[in-house]
Amino acid sequence: MNRQLALILLPVAALLISRAGLPAYQAPPLQPHHTAAGFINPWPGLLQSEHGFGDILKWQRGRTERSPRYRESLGRFPLREPDRTVLDSPGEGLQLTWLGHASFLVQLGGFNILTDPHLGERASPVSWAGPRRITGAPLSADQLPPIDVVVISHNHYDHLDKGTVLALGNGPAWYVPLGLKSWLNDLGITHVVELDWWQDSTHPGGLSITCLPARHFSSRTLWDRDKNLWAGWWLEAAGQRVYFAGDTGYGPHFAAIGRRLGPPDVALLPIGAYRPRWFMAPVHIDPAEAVQAHLDLGAVRSIAMHWGTFILAAEPVDEPPQLYRAAAESAGLSPDQAVLLEHGQTLILP
Ligand code: ZN
Ligand code: ZN
């Protein structure tokens, strides 16, 4: 090697050697809810949802607040068979059918939309164990009208059911929070739109879809905690607005959503899986907080969800609707404003 070439190469070699000793470059987080490894609830002063293994044991040992067991709760709530003629020809207005838990068929401006569709028997990674339905699914996937859009709030098993996803397949377009696109792609689902909080997208034909903040977490295995984002969704078409909260603890996001996007005509709010509070409050609102969320949003009306379908927490299964009704009454909200539907029931709004 001649001397000149060595002089040119030496600094390059030195740079490469020094780079090798440095940690890999990581881009700074784009937004307060982004971290280098995934996502975080960004509100200072609010508890994070991190609970260690000791807390989980303490939760399991808590004998004072025990939910009724599966068998005692089976068939506790009425199950209506939806009127297929009504579903197949929705009117000009807004029509919502509760399919149990966080699953709704929202018929808005000519679009058929599903929220977190779960029509399976268990909210679990395996078919032989884990929370099992106490109220049947009102419909199977092949009894639904043609679905245009599905929105997914997060990857927990009670919200993202592989069997239902496969049954719906590539018929609808799937709108998911950051990180979930590849999971759907791996199942052969190709039409997926992945969004961050506050990002929106217009579905062809004029349905506006906005991904919104929620105070929750994500995990599907022991190794993927908070690597995918969790979210709520805003659906707007033909001048009507529906807010779907997904799973969430209470926080300033409800008021922010109401301020930024306007009052929703309907807010779909979770009211179950809240006990014990020391464990669940960072990730699940209770019925009174759902009523407060309704007020913060300025919602015209709310429909309670995430109750009476799977036993996921320590409260008695019929407590959420009772406390919700009581909290709504003390806030001066009528049963038409704070709505409780039966499984399979359709609400038709003008
Ligand atoms: Zn969840
Ligand atoms: Zn849930």
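Q: Let's start with the zinc ion (ligand 1): what are the angles among its four donor atoms, and what kind of site is it?
A: The angles run from 89 to 166 degrees, and the site of the zinc ion (ligand 1) is irregular. Four donors count as tetrahedral if all angles lie between 85 and 135 degrees; four count as square planar and six as octahedral if opposite donors are over 155 degrees apart and all others between 65 and 115, and anything else is irregular. Please keep in mind that this is a predicted model, where local features need pLDDT of at least 70, side-chain atom pairs count only at pLDDT 80 or more, and totals for chains, interfaces and linings use all residues. Residues are numbered from 1 along each chain as its sequence is written, chains are lettered from A and ligands numbered from 1 in the order in which they are written, and side-chain values use heavy atoms, with hydrogens and water left out.

Q: Which residues coordinate the zinc ion (ligand 1)?
A: His 154 through NE2, His 156 through ND1, His 216 through NE2 and Asp 247 through OD do, at 2.1 to 2.3 Å. Donors are N, O and S atoms within 2.8 Å of the metal (3.2 Å for Na, K and Ca), and because water is not among the atoms, sites may look incomplete.

Q: How far apart are the zinc ion (ligand 1) and the zinc ion (ligand 2), and which residue coordinates both?
A: The two ions are 3.8 Å apart, and Asp 247 coordinates both. His 154 lies in the loop between β4 (149-151) and α5 (162-168), while Asp 247 is in the loop between β10 and α7 (253-261), so the pair ties together parts that are 93 residues apart in sequence. Helices (H or I, at least four residues) and strands (E, at least two) are DSSP runs, numbered from the N terminus.

Q: Are His 154 and Asp 247 buried or exposed?
A: Both His 154 and Asp 247 are buried, where buried means under 20% relative accessible area, exposed over 50% and partly exposed in between (1.4 Å probe, protein chains only).

Q: New topic: what is phi of His 101, and where is that residue?
A: Phi of His 101 is near 55 degrees, a positive value in a residue other than glycine, and His 101 sits in the loop between β1 (94-98) and β2 (104-108). His 101 is buried, with a relative accessible area of 1%.

Q: And Ala 238, buried or exposed?
A: Ala 238 counts as exposed, at 67% relative accessibility, and its phi is near 50 degrees, also a positive value.
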